[in-house]
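Please consult the sequence and the structure alongside the text.

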Amino acid sequence: MILAFLVVTTFKCRYKMYSKSNHPTGLDGYYYALQAKSFAENGALENPDIETGYYMCGLFAKFCGDPIKGVKLCDAVTSVMTCFAVFLSVHIYV
């Protein structure tokens, strides 16, 4: 129950924060959007890299139809995954 609350709250807060602007967040936000757009449209990154985050953003961009929204959605989901991992770590090791 607590985990479900944390996951939903984390996702809502992060995505709402990202949705306040039409622009991607951070100094490299447009680079992530460029990589996501390239992967969603061509199946390959504009600038080849082994960073899995670019591929995840590309999958979300393909799902959303918009690379900037895809990057924001991917960021919110990875925040949820981090919250989930910390929660499990605390309950397993404590």
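The account below treats the helices, then the cysteines, then one serine.

The model is predicted: local features need pLDDT of at least 70, side-chain atom pairs count only at pLDDT 80 or more, and totals for chains, interfaces and linings use all residues. Residues are numbered from 1 along each chain as its sequence is written, and side-chain values use heavy atoms, with hydrogens and water left out.

**Helices**

Helices are DSSP runs of H or I with at least four residues, numbered from the N terminus. Helix α4 covers residues 67-93, and its 27 residues should span 39 Å at 1.5 Å a residue; the expected span is 1.5 Å times one less than the number of residues. The end C-alpha atoms of α4 are 38 Å apart, which agrees.

Several residues of α4 are buried, including Gly70, Val71, Leu73, Cys74 and Phe87; buried means under 20% relative accessible area, with a 1.4 Å probe and protein chains only. Among the elements covering the buried residues of α4 are α1 (2-18), α2 (29-42) and α3 (52-64).

The axes of α3 and α4 come within 7 Å and cross at roughly 125°. These axes are lines fitted to C-alpha atoms over the stretch in contact, and angles run from 0 to 180 degrees between N-to-C directions. That angle makes α3 oblique to α4, the class left after under 35 degrees (roughly parallel), over 145 (roughly antiparallel) and 65 to 115 (roughly perpendicular). Contact, meaning heavy atoms within 4.5 Å, involves Met56, Cys57 and Phe60 of α3, among others, and residues of α4 including Pro67, Cys74 and Met81.

Helices α2 and α3 pack at an angle of about 65°, with their axes 7 Å apart. Among the residues making this contact are Tyr31, Tyr32 and Phe39 of α2 and Tyr54, Cys57 and Leu59 of α3.

**Cysteines and Ser38**

A search of the whole structure finds zero disulfides, a disulfide being a pair of cysteine sulfur atoms within 2.5 Å. The sulfur of Cys74 is 3.7 Å from the closest cysteine sulfur, in Cys57, and is therefore too far for a bond.

Ser38 lies in helix α2. The C-alpha atoms of Ser38 and Pro67, 29 residues apart along the chain, are separated by 8.9 Å. Leaving aside neighbours within four places in sequence, Ser38 is in contact with Gly43, Ala44, Leu45 and Glu46.

| Residue | Relative accessible area |
|---|---|
| Cys57 | 1% |
| Cys74 | 3% |
| Ser38 | 6% |

Conventions
Buried means under 20% relative accessible area, exposed over 50%, partly exposed in between (1.4 Å probe, protein chains only). Helices (H or I, at least four residues) and strands (E, at least two) are DSSP runs, numbered from the N terminus.
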